[in-house]
Amino acid sequence: MIALLSILSLLLFTSCIPLQISEVSDLVISDQQVWQGEVRIKGVVRVTREGSLTLLPGTKLVFSRIDRDADGIGDAELFVEGEFVARGTADRPILLTSAATNPQPGDWKFLYLDYARKAEIEYLISEYAYSGVQVHFCRAQISFSEFRYNIDGVRFSTANISLKESYLHHNRHGIRYEERGGRGLVQRNRISDNRIGIFAVTRGEGRTLFELNDIIDNEPYQVKMGLQQTTALDFPRNWWGDDKGLSAETVFDQRRDRSLGRVTGTDPLDRPINATRQIEGD
Amino acid sequence: MMKVLRPVPVLLLLILCVANMAFSCVGKSLEIGTTGSVQQEVLANIIAELIGERTGTTVKVVPFNSSDEAHAALLKADIDMYVEYTGVGQTVILQAQPLADADELYKAVKDRYNQELNLIWLKPFGFDAAQSLGVTLPAEAAPVVRKDTLKKFPALARLINKLGGKIDQQTIALLEKEASGGQSKQVAHGFLKNNRLI
């Protein structure tokens with residue numbers, strides 16, 4: 001009888017009562033979890049291939065500044081191989097941020113989507129990370145989101161990414177990507193006030209379409225090619241902050257290093273798109 | 001307060017910290033040693049800024065008190081590279097006789113470092129290091145890099161060699177003067193920008 005009661009108590013505890021915690025260290029999620037409210041993350045949260053994590057509107061993930069390998073980059077992170085759904089709303093966005101009193105880019109590492117089975121992000125703000133989000137070897141849909149005060153705002157490689165209606169600003173790189181055979185659509189975003197608006201690191205062949213974006217006030221470069229980006233890249237139909245289009249002075253390409261490809265911005269728009277109207281609440 | 005709204009059939013809280021998993025890109029960081037002088041600081045920061053700006057790779061500058069310390073750290077793979085002087089390499093590290101001819105000296109240390117230490121001397125910056133340091137050893141300054149680092153980052157040698165011959169006597173003196181207030185990183189960045197290298 002006592003054994004039966006113990007088993008029933010255990011079942012009740014593990015499957016019926018909502019677990020309420022406000023802080024996690026290293027955590028592996030292999031089941032289906034839905035989070036809301038505020039949680040402080042002091043380590044690596046990993047969603048396994050079998051796992052699923054859903055963040056409800058208004059959820060706030062606060063990453064502590066921990067640097068286990070002393071490389072100057074925070075090591076707290078959210079790493080997803082399974083499903084990740086973060087759908088905030090305009091009024092109640094989801095926030096991923098630093099716990100530091102005086103937060104800096106790189107306080108925490110990243111939201112990393114690696115071979116993720118599903119990745120859907122709406123109305124999410126990611127700030128003070130090494131990378132606001134990284135997407136690798138998977139399909140990801142990101143819209144109405146904001147990436148600010150990171151080293152890399154949005155970074156992807158070998159991915160099929162849709163990035164729309166989002167605002168990327170005050171990062172070292174607004175977008176940093178290595179296409180490597182992947183495809184993408186980057187449309188109707190505002191990419192502004194980053195040191196580099198778009199950093200095409202290597203292996204880009206024009207499979208990622210950047211169009212109808214406002215790409216403005218990124219200094220010193222609106223578009224920069226990495227050391228091994230030898231193929232020409234075009235960024236058509238964007239607003240570059242000037243009705244004359246993309247200025248050569250704001251591009252790092254073969255005009256500065258002959259081994260690189262050439263950057264063009266064909267059919268430039270003559271006025272801004274105002275792509276992030278919904279996020280900014282205009 | 002976070003709530004888990006759905007059942008939790010499997011929840012594994014790891015109490016002990018796990019080592020950071022080598023999750024590709026961010027793990028690709030490099031470390032450059034310096035040996036204490038303003039000249040070393042500014043040269044290391046020039047390399048660090050060049051690599052960081054052109055490849056996106058994170059580069060950390062690590063201070064040491066001497067060439068001996070930096071060399072030991074390089075051999076142990078605690079760092080990936082540092083700037084060494086051919087005269088120091090020949091007489092202090094390799095314990096060999098000094099050579100008067102700069103080209104002959106560079107070739108001698110380059111060959112022995114490669115064959116005996118698995119370390120690669122890249123192109124000298126271009127200034128007379130002996131003159132700039134006020135010593136009598138005939139010497140050039142050049143980055144020395146671990147061979148396995150160059151294998152991991154195949155484009156690295158070509159990139160760093162863009163600095164070869166780019167810094168003459170007048171330039172290094174100016175850079176040192178500018179960086180003497182502790183602004184090595186900013187000075188390095190300005191040098192690279194002015195030379196259209198970043």
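Select A:Thr158 to begin: this residue sits in the loop between strand E18 (152-157) and strand E19 (160-164) of chain A. Strands (E, at least two residues) and helices (H or I, at least four) are DSSP runs, numbered from the N terminus. The model is predicted: local features need pLDDT of at least 70, side-chain atom pairs count only at pLDDT 80 or more, and totals for chains, interfaces and linings use all residues. Residues are numbered from 1 along each chain as its sequence is written, chains are lettered from A and ligands numbered from 1 in the order in which they are written, and side-chain values use heavy atoms, without hydrogens and water.

The phi of A:Thr158 is near 50 degrees, a positive value in a residue other than glycine. Most residues other than glycine have a negative phi, and most peptide bonds are trans. A:Thr158 is partly exposed, at 24% relative accessibility; buried means under 20% relative accessible area, exposed over 50%, and partly exposed in between (1.4 Å probe, protein chains only).

Select A:Arg237 next, in the loop between strand E28 (233-234) and strand E29 (251-252) of chain A. A:Arg237 is not a glycine, yet has a positive phi of about 55 degrees.

Move to A:Pro220, in the loop between strand E26 (214-216) and strand E27 (221-228) of chain A. The peptide bond that joins A:Glu219 to A:Pro220 is cis, with omega near 15 degrees.

Now display A:Trp35, A:Leu78, A:Phe84 and A:Leu113, which touch the most other members of the largest nonpolar core, a set of 62 residues. A nonpolar core is a set of buried Ala, Val, Leu, Ile, Met, Phe, Trp, Tyr and Cys residues joined through side-chain atoms within 4.5 Å. Strand E24 (196-202) of chain A gives the most to this core, with five residues. Domain 1 (21-146) and domain 2 (151-282) of chain A both give residues to this core, so it lies between them; the domain bounds come from an automatic or database domain assignment.

Turn to chain B, where five strands form an open sheet of mixed pairing in the order E4-E3-E5-E7-E6. Its edge strands, E4 (58-63) and E6 (119-121) of chain B, each pair on one side only. Two strands pair if DSSP finds at least two bridges between them. Within this chain, select E5 (81-85) and E7 (141-146), which pair in the antiparallel sense over five bridges. B:Tyr82 stands opposite B:Val144 in E7(B).
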